[in-house]
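Colleague: Before I rely on any labels, I would like to go through them one by one and hear what each of them rests on.
Modeller: Then let us look at the model together and take your questions in turn.
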Number of protein chains: 2
Amino acid sequence: MTAIETDEIQRVTVLGCGTLGASWAALFLAHGLDVAAYDPAPGFAARTAAAVEAARAQLAELGLRGAGTLRFHAKLEDALAGADFVQENAPESEAVKRALLAEADRLLPPAILIASSTSAMLRSAIVADCARPERVLVAHPFHPPHLVPLVEIVADGPAVAARACAFYARLGRRPVVLNREMPGHIANRLASALYREAVNLVAEGVASVADIDAALCNGPGLRWAAMGPHMTYHLGGGAGGIRHYLDHLGPSQVRRWASLGNPDLTEDVKDRIVAGIAAEADGRSVEALAARRDAALIAILGARIEVAGEAPNRS
Amino acid sequence: MTAIETDEIQRVTVLGCGTLGASWAALFLAHGLDVAAYDPAPGFAARTAAAVEAARAQLAELGLRGAGTLRFHAKLEDALAGADFVQENAPESEAVKRALLAEADRLLPPAILIASSTSAMLRSAIVADCARPERVLVAHPFHPPHLVPLVEIVADGPAVAARACAFYARLGRRPVVLNREMPGHIANRLASALYREAVNLVAEGVASVADIDAALCNGPGLRWAAMGPHMTYHLGGGAGGIRHYLDHLGPSQVRRWASLGNPDLTEDVKDRIVAGIAAEADGRSVEALAARRDAALIAILGARIEVAGEAPNRS
């Protein structure tokens, strides 16, 4: 097939317009791309338009004010007509995604890439009914995708991965490529590993939920916004770097691993987490907390862009 | 004992002036406190003075320009004379810390708190030779402590913990309190749990070291600079919050936990991490990378201070 060059992409079709789809649409529009949005839910256009507007206002704070056009379609065929790229965000049901991707694959010329935002499923499972699975990939964003730069790519091979990376990089995203598919890709596996210990510390009564949260976002979480875990230990090794670290402190890491917890998520532990969150939230609604998170993310992203050239999101 | 009020603390004695001690000293000075620095190593004053100057320049970028005085002492008794608070940063040797803390305990009036920066040791072990162990606590910072706000407190009881928290909060730190001691406290346990999976992804050949690092600092790491893991899943639960999340997605977390790796840190895995870091560093020295990390941290901290009132480091 003749691949469409990623710098020729002008129209993106967004399949599935929940929170994720609206966020993607806002990002595409803010970079000047046109978006054709499709969702089978009645009345999705008004909800999506409102969510897109809110996200575009946030992107404008980061200086992204591109003026792509947004159109809504109730029929899949209409939404796919003229698409240069497709971002699929259907519910996390294997049956739903398999059917939708197969239908999109059937309707689209072979040069067009179809990217699935799936967080929970493997590429091999969701492309199973596609006639041309090689042009279907996973491109998993991190919530909210119009702000968080990460996109995890699982593709049929390096050529498709490179084309997808070029497209997302053009949108200021930081694509990373998996050499092979893994449940949870990379980032959610790292997050789950950390969360298991965060739950363990609650189960063991070591500290309050609020203090465990504060320990992360004022300690390693803060540092990880600047630099990943391997590089962090490279700097922890001093002049000898990661080799020195692994040779001298590797054994203490391995001992620490052995001491980590493997908690049961019992009703009692869940109750303690819920009570701890109530104390930490201190009356603030989920909406207020999400707005606060987004304000912090926008401020942090702005700061990282300012130190660009040396920008962490290029590392 | 009559406790000294934390707002009366004017002179802090810093015991042990390696990287950590110098960083603490700079923080105290930038908040207008006087510092008496002690280290048994010959010629430590010149090295410490240079490190303190560099850190104070970074603090000045954050608007912290207090003018405390810094004095160097080669004798422990001289350094402790007139101290209102002590921060100990001796090498991570139990014998060294036990002896030093016992000697400081012997020399100081009982109202003075003695805080150890230990990352690896339990409070119960290092206070074993103290006559008044109840005024000796762990106050573990995260590197570099003049920039990263977290301080983990392990104390004999809530009264001492509260006094220490008040002191560190006055310095713009975010103290968290452990209800009981744990190896690695909170933050290094969370970091180790995550690193085990980061090493596993290298061992399993899932992605490059650089892409694993980028996945963290452009995804969950970025978000964790704004909000801790429990609160993140509270927002992930939508309107139903953490209860909805735990009831509906808790089982998939537990399944994910079961799928996480338990890698051996073999010579082969170490070689692959070292090679991966060489590729990621791309010729940049440890010093250059550390300077870049610090610049990013300063920018991020500045951004968080700007969204203050709602500041994440107060959460």
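Colleague: How far apart do the C-alpha centres of domain 1 and domain 2 of chain A lie?
Modeller: In this predicted model, the two centres are 32 Å apart, where domain 1 covers residues 6-177 and domain 2 covers residues 187-283 of chain A. These bounds come from an automatic or database domain assignment, whereas the UniProt record, in an unreviewed entry, lists residues 12-179 of chain A under the name "domain: 3-hydroxyacyl-CoA dehydrogenase NAD binding".

Colleague: What makes β3 and β8 of chain A edge strands?
Modeller: The open sheet of eight strands runs in the order β3-β2-β1-β4-β5-β6-β7-β8 of chain A, with mixed pairing, and β3 (70-73) and β8 (174-177) each pair on one side only, as an edge strand does. On average, neighbouring strands of this sheet are turned by 25° against each other, if direction is ignored. Helix α2 (residues 44-61) of chain A packs on the sheet, where it touches β2 (34-38) and β3 of chain A, and its direction makes about 155° with that of β3(A).

Colleague: Why is Glu197(A) called buried?
Modeller: Glu197(A) has a relative accessibility of 1%, and because the cut-off for buried is under 20%, the label applies. This residue lies in helix α7 (residues 187-203) of chain A, and beyond its neighbours within four places in sequence it is in contact with Leu260(A) and Gly261(A), as well as with Arg189(B), Leu190(B) and Ala193(B).

Colleague: Why do His185(A) and Asp282(A) receive their accessibility labels?
Modeller: His185(A), in the loop between β8 and α7 of chain A, has 2% relative accessibility, which is under 20%, and therefore counts as buried. Asp282(A), in the loop between α12 (267-281) and α13 (286-306) of chain A, has 64%, which is over 50%, and therefore counts as exposed. Neither residue is a glycine, yet phi is positive in both, near 50° for His185(A) and about 55° for Asp282(A).

Colleague: Which residues touch the most other members of the largest nonpolar core?
Modeller: Of its 148 residues, these are Ile186(A), Tyr195(A), Ile273(A), Ile186(B), Tyr195(B) and Ile273(B). For one of them, Ile186(B), the contacts beyond neighbours within four places in sequence include Leu201(A), Val206(A), Ala207(A), Ile212(A) and Ala215(A), together with Glu152(B), Val176(B) and Leu178(B).

Conventions: Residues numbered from 1 in each chain as written. Chains lettered and ligands numbered in written order. Predicted model: local features only at pLDDT ≥ 70, side-chain atom pairs only at ≥ 80, totals over all residues. Heavy atoms only, no water. UniProt positions renumbered as here; feature names shortened; annotations may be inferred. Core = buried A, V, L, I, M, F, W, Y, C linked by side-chain atoms within 4.5 Å. Buried < 20%, exposed > 50% of the residue type's maximum accessible area, 1.4 Å probe, protein only. Contact = heavy atoms within 4.5 Å. Pairing = 2+ DSSP bridges. Helix = DSSP H or I, 4+ residues; strand = E, 2+ residues; numbered from the N terminus. Axes fitted to C-alpha atoms, helices over the stretch in contact; angles between N-to-C directions.
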